[in-house]
Amino acid sequence: MAHGLALRGTMIRASCGRGYSLNLNSNRLKSVPEFVSRFPNLSVLLLCHNSISDLPTQLQSLRHLTELNLGNNALREFPVVLSHLGSLTKLDLYNNKINVVSPDAIGNLGNLVVLNLNHNNIQRLPPEIGRLRKLQHFSIVDNKLEELPGEVGCLKKLSELNLTYNNLSSLPKQLYFCRNLIKLYAARNRLTNLPEGITALIKLRVLDVAGNMLSIFPVEFHLLHLTELYCDGNWLIKLEPVPLLPQPQMLSLKELAARLVLLEVRKKFSLIKLSLPHYPELNDLLSSSRCCTECNGPFLGTWVECVHFVSLQKEMNLRSWLTIPVRALLCSYNCFRAEGPCYYGVETK
């Protein structure tokens, strides 16, 4: 009896409120009631804490729906009918049993601002995730995600991304196109490195990479303006100096030629620079060049894997006594021995 009254009361409130909001949370529902589709002007539909395993096609009539909460149900797929609900700005699908995300369904939700897929069984996200150009908050905590598609770089408005407790071994470099990213949570994964170029995330303030397999942080990591960094439980390189004797630097002809061309390319007027477009193979080769951390000179092959140790408190103004290893790219032994930061060669075993 109480169950029936709860539904009736909810329906009346929706009618009196001109059909804008309907709360059917915690009603032990196994399916979405048929009367829900009778409210075409519905903007908010709350169905969490039920036992719903599928959504009826009739829901596609809710073209004005902006918020849908289906958390704590029994869904096994990302509902295809959602592809017709293009007005959605907030979608909660947490605590279900979803293992498949429909490319068509998620690709048609271009107005989404908030997407919560926490606590499911999702292994992969389709490339169509990149169509959510208005997405600002995306959380997919505690899934089985093995790879983050590069199309995530199309989410230009993304400000918060939570990937905690998944099976990610790497992050796509395209993620650094998300220049509005403020908070990035990637703790408790299997990350062995962070892609180079992280300083492109100029608005990043919170980074959580605790409980991974990181040994070193990317070049210029210490230039980020972080307010919070969590990196405990990694395999970070420790400072254990060993003698390194100076050795003659023998550069190959290929390396010498590449450095010469790279220096010419930097000039405003250069015959070599003008000729380069006619040599696509050479362009491809030079695309992997890097700049020396010490002298900023260009080079093709890393002279030796180096790090310098950064104090989080002194150099990044963080409330931590930790000292972390940051990769340094050096072009020569002279730069390795230059005055300034102490560089250490990384011993490979």
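1. The lining of the second largest pocket comprises nine nonpolar, seven polar and five charged residues. In this classification Ala, Val, Leu, Ile, Met, Phe, Trp, Tyr, Cys and Pro count as nonpolar, Asp, Glu, Lys and Arg as charged, and the others, Gly among them, as polar. The model is predicted: local features need pLDDT of at least 70 and side-chain atom pairs count only at pLDDT 80 or more, while totals for chains, interfaces and linings use all residues. Residues are numbered from 1 along each chain as its sequence is written, and side-chain values use heavy atoms, with hydrogens and water left out.

2. The second largest pocket holds about 460 Å³ of space. Among its 21 lining residues, Val219, Ser289, Arg290, Cys291 and Leu329 are the closest to the centre. Helix H3 (253-265), helix H5 and strand S11 (290-291) each give two or more residues to this lining. A pocket is an open set of points on a 1 Å grid over the protein atoms alone, where a 1.4 Å probe fits, with protein on both sides within 12 Å along at least five of seven lines; lining residues have an atom within 4 Å of a point. Helices (H or I, at least four residues) and strands (E, at least two) are DSSP runs, numbered from the N terminus.

3. The whole structure has five salt bridges, each a side-chain nitrogen of Lys or Arg within 4 Å of a carboxyl oxygen of Asp or Glu. One of them joins arginine 327 to glutamate 196, with the closest N and O atoms 2.7 Å apart. Arginine 327 belongs to strand S14 (residues 323-329) and glutamate 196 to the loop between strand S8 (183-185) and strand S9 (206-208), so the pair ties together parts 131 residues apart in sequence. Arginine 327 is buried at 16% relative accessible area, whereas glutamate 196 is partly exposed at 23%. Buried means under 20%, exposed over 50%, and partly exposed in between (1.4 Å probe, protein chains only).

4. Within helix H3, glutamate 255 and arginine 259 lie four residues apart, about one turn of the helix. Their side chains form a salt bridge (2.7 Å, N to O). Glutamate 255 is buried at 8% relative accessibility, and arginine 259 is buried at 14%.

5. Arginine 38 and glutamate 34 also form a salt bridge, their closest N and O atoms being 3.6 Å apart. Arginine 38 is exposed at 57% relative accessibility, and glutamate 34 is exposed at 57%.

Technical notes: Points joined across faces, edges and corners; volume = space filled by probe spheres on them.
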